[in-house]
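Open your viewer and get the selection tool ready. We will go from one stop to another, and at each one I will say what to pick and what is there.

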Amino acid sequence: MNQGLKKRHVSLYTLVILLFVDILLVGAHIFFRSQLGFFDLDKEQSLKAVFSGFQLMGSGFLAFFLWFLFKKGAVPAIWQLVWLSLGLMFFYLAMDDMVMLHERIGFVVNHWTGMQGAFESFNWLLYFSPLIVLGFLVFIASVRSLFHIHAFSGWLSAAGLTLFTGTLFFEYIGGQLLKMGVLAAYPTFIILEESFLLLGESLFAGALMNAFAVLFARAYAFQFPSRHTFVPARLYPNGIASSPFIVCSLQWLRTMALAAVLIPLFLALASLFLPAFAVLERTFSIILPYEAIIRFGLLLAMVFALIASYVWIVAKGAFHHRFVWTVCAVSCVMLGIVFVGDTSSRLMEEYSWIRYTTFMFLISASVAACILAYHAWKARSKAATALWFVIGSGFLFGAFDEVFQLHEWIGQGVEQSTHLPHVVTDLITVGYAVVGLCVVAVALVTLFRQYRDHFFAIGVFCAGGFVYLFSTLFDTLDMVASSKIKAFVSSRVEQGFIVPDQWTLFWNPRNMFNSIEEVLEQAAATLFFAGLALILVQRRFGQSGFRFSFFAPLRVAYGIGGVAVVLCGVFLVSAPFGAKALSATENGKTDALAGPTQGLQHADDLFYHPSWGVLVGNEGAGSVLQYKDGETRTLPDSQNLLADTDSVTATDSGVYVSSGMKKTIYHYTTKEGWQVAWDSTSGLVQPEALVAVGEELYVIDESQQTIIRLRKGKQPESWRPQHPEWKSPEGITYSEKLKSFFVTDDVSGAVFKVGYKTSIEKVAQLIHPEDLAMTSKETLLITDNGAGTIIEMNTKGEIQQVIRFLRAYRDVQGIATDGTATYVVTSDGYGGGSFMPSLLFKIENKSQ
């Protein structure tokens with residue numbers, strides 16, 4: 001009984017901690033949601049959603065444990081059904097919190113039924129009303145059952161159910177307030193709704209923990225004959241039969257927590273390696289692309305984890321530890337081959353090699369499951385035969401889905417035939433994880449009953465299931481997480497903070513999340529195969545005396561998890577967003593002059609003119625921004641003529657901007673505003689870079705690879721220079737001294753000196769040169785976004801100095817100079833994939 005009291009005390013302490021976390025989440029929402037949407041209780045995939053998801057999943061496990069205890073205790077079937085239903089409900093609610101199931105299903109049904117409008121997100125209350133009523137009946141029955149188990153559990157659950165009811169009430173009232181336009185009171189109801197939900201979940205979880213402790217204390221005693229055993233014993237003849245199910249289920253919970261800890265470990269390790277890549281680049285004068293950073297960061301993290309675990313295995317590990325480690329090491333080697341050898345496709349793309357390595361492990365797992373099914377059939381075990389056959393078939397389907405993208409094909413077919421949105425494909429992906437969890441949950445009883453000598457192997461197999469679950473979350477939540485990361489980084493950058501190299505693993509969040517998803521899928525397939533293969537090896541060669549040896553590796557794994565926490569702490573402390581005084585470059589001082597707040601959106605080109613200041617071709621917003629005398633403004637476009645403003649130049653009389661999409665060049669004057677200067681009737685196809693020479697305007701047409709001379713009142717003249725590396729001309733500037741143009745080619749990487757209609761000469765070779773400008777010293781300033789640098793060179797191509805940006809800022813585009821030692825450049829994140837916003841920098845080189 002002392003053990004029972006001790007476990008009850010633990011459950012009470014846990015309840016207090018949960019309630020404390022609830023208060024912290026509500027406080028974070030009140031004080032910090034405006035700075036970081038991740039703390040906003042009203043947003044999906046927020047910190048509260050993650051916490052609630054794991055808490056509800058834990059409550060689901062506790063409900064299943066109580067169902068198991070009731071089943072073994074010969075409790076009437078109706079009460080067993082109540083607890084089984086409650087467990088399934090909690091698991092559904094957990095998945096709903098993590099992947100927005102009711103919103104997604106509601107969105108599909110809204111589209112299907114035509115019930116769409118400004119407040120369609122509240123229609124789920126109508127669709128789910130029968131299930132809500134049934135759920136309340138199950139909750140009421142479970143509260144009554146908890147009162148019979150222990151009065152304190154009953155009161156806790158009653159309080160939790162009351163708060164759940166209040167949550168739905170406030171949800172309904174909040175929806176009505178929005179419909180009536182009473183927006184001022186809505187935030188208050190959000191706080192009340194989410195607070196009631198959090199507290200209700202915690203109180204109900206506390207009730208389940210207390211009830212489980214009471215029942216478990218009545219039925220079981222704990223004995224520790226050796227270091228690696230945990231054997232429940234029957235206390236009285238009519239009690240609950242002893243079984244390893246509870247023990248292994250608890251270990252299953254620990255395995256899930258372990259999977260959740262190790263993933264941040266790999267991310268933290270990968271991020272900590274990023275500064276070393278910068279040193280590598282400087283030492284060997286190479287540039288690592290973002291995809292290489294993701295691959296080598298993850299690979300180094302995995303190698304580090306393998307080495308750390310190998311040290312322990314050499315000291316204390318048994319055969320089964322070495323076996324699983326060897327399989328994981330082989331998987332890591334195969335990943336290394338993929339990372340180094342597959343240079344044509346990103347990890348997230350359809351034809352990446354990683355799909356074939358995952359396919360191999362899934363096929364191997366399917367074969368192992370079929371062999372186990374054959375052994376079970378020979379042993380006349382119908383349940384085990386059916387189980388392994390279903391698991392093997394699932395792995396076989398998963399293997400072919402990995403190669404042939406079956407779920408996307410099914411999703412596209414459903415979308416086209418029913419005219420439903422693309423979210424259907426995401427729901428199919430989530431459905432894989434839900435079905436897999438249901439299969440594993442049903443399989444637990446059979447696995448632990450008939451394979452009790454293989455607990456470690458079953459644990460490895462279950463770990464694969466949880467790793468796969470996390471991979472589906474990465475796939476489903478990538479867009480939402482990307483938007484939140486972008487919003488956070490954008491807000492911090494606009495405040496003047498610098499993004500250090502350690503954060504650039506997340507530079508393109510969607511790319512990063514989908515790459516990690518593919519790596520986790522292979523890791524899950526590896527663990528599936530390792531667990532099943534270990535069972536076969538143990539059956540063939542014997543147990544080697546390690547029955548029930550499930551705790552030691554978990555202790556080591558949690559030790560690694562502790563290291564992960566420390567590393568994450570080091571990562572966050574040593575690599576915060578830099579102070580405002582720091583520079584976005586490695587060897588120069590930068591000042592951010594403008595960003596998204598000033599209207600910058602996928603800015604592309606710059607030009608400086610004494611009369612106009614710095615002009616920005618603001619391509620994403622279809623406008624031209626002017627920075628002059630410390631102020632930023634948009635040149636007015638009252639007729640909404642502009643779009644796709646790619647390149648900009650100016651003369652004393654006005655400003656010119658090109659629009660490749662409209663095949664037009666516009667002219668701006670203070671008096672007349674924007675007007676069409678030349679269009680497709682002048683032979684323009686895709687006008688881009690511009691430069692004015694006196695009264696003449698020279699235009700690069702990238703699609704035609706031509707330079708066009710435009711003069712008012714005269715016919716346009718077009719000329720295509722002949723050079724093998726003249727492939728995709730990008731930027732242009734003019735040298736008054738040499739009477740020549742200088743042009744960049746961002747495909748071949750060449751920089752050309754061009755005499756119009758007379759000559760072309762390659763003067764330099766860069767990686768991806770974008771824009772260029774001529775200084776008062778007749779030197780060239782060139783942006784190279786392939787290297788993330790600004791290069792100053794003379795007109796002969798001799799480099800004089802290089803300014804290299806920090807990794808997050810390396811997508812440098814336009815450049816201009818005011819004729820002094822001050823340069824101005826835009827750093828832009830392609831307006832989509834990157835978390836970096838478009839920024840306008842003033843750069844002061846230390847050497848001048």
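Start by selecting Lys757 and Glu717, whose side chains form a salt bridge with an N to O distance of 3.1 Å. Lys757 sits in the loop between β18 (750-755) and β19 (759-765), while Glu717 belongs to strand β15 (residues 717-719), so this pair ties together parts that are 40 residues apart in sequence. Lys757 is partly exposed, because its relative accessibility is 42%. Keep in mind as you look around that this is a predicted model.

Now widen the selection to Glu696, Arg709 and Arg711: together with Glu717 and Lys757, they are linked in a network of salt bridges. In the whole structure, the count of salt bridges comes to nine.

Next, pick Lys777 and Glu792. Their closest N and O atoms are 3.4 Å apart, and the two residues form a salt bridge. This one links Lys777, in the loop between β20 (769-774) and β21 (779-784), to Glu792 in strand β22 (residues 789-794), 15 residues apart. Are the two partners buried or exposed? Lys777 counts as exposed, at 53% relative accessibility, whereas Glu792 is buried, at 3%.

Move on to Glu518 and Arg355, where the side chains meet in a salt bridge of 3.8 Å, N to O. Glu518 lies in helix α19 (residues 509-541) and Arg355 in helix α13, so the pair ties together parts 163 residues apart in sequence. Both Glu518 and Arg355 are buried.

While you are there, select the whole of α13, residues 354-378. How far apart are the end C-alpha atoms of α13? They are 36 Å apart, which agrees with the 36 Å that its 25 residues should span at 1.5 Å a residue.

Then go to Arg295 in helix α11 (residues 290-316). Arg295 counts as buried because its relative accessibility is 4%. A polar atom of its side chain lies 3.5 Å from the backbone oxygen of Val338. Leaving out residues up to four places away in sequence, Arg295 touches Val338, Phe339, Asp342, Ser345, Arg346 and Leu347.

For the last stop, show the cysteines. How many disulfides does the structure hold? It holds zero. Cys328 is partly exposed at 24% relative accessibility, while Cys332 is buried at 9%.

Key. Residues numbered from 1 in each chain as written. Predicted model: local features only at pLDDT ≥ 70, side-chain atom pairs only at ≥ 80, totals over all residues. Heavy atoms only, no water. Helix = DSSP H or I, 4+ residues; strand = E, 2+ residues; numbered from the N terminus. Expected span 1.5 Å × (residues − 1). Disulfide = S-S within 2.5 Å. Buried < 20%, exposed > 50% of the residue type's maximum accessible area, 1.4 Å probe, protein only. Polar contact = N/O pair within 3.5 Å; in protein donor to acceptor, adjacent residues only side chain to side chain. Contact = heavy atoms within 4.5 Å. Salt bridge = Lys/Arg side-chain N within 4 Å of Asp/Glu carboxyl O.
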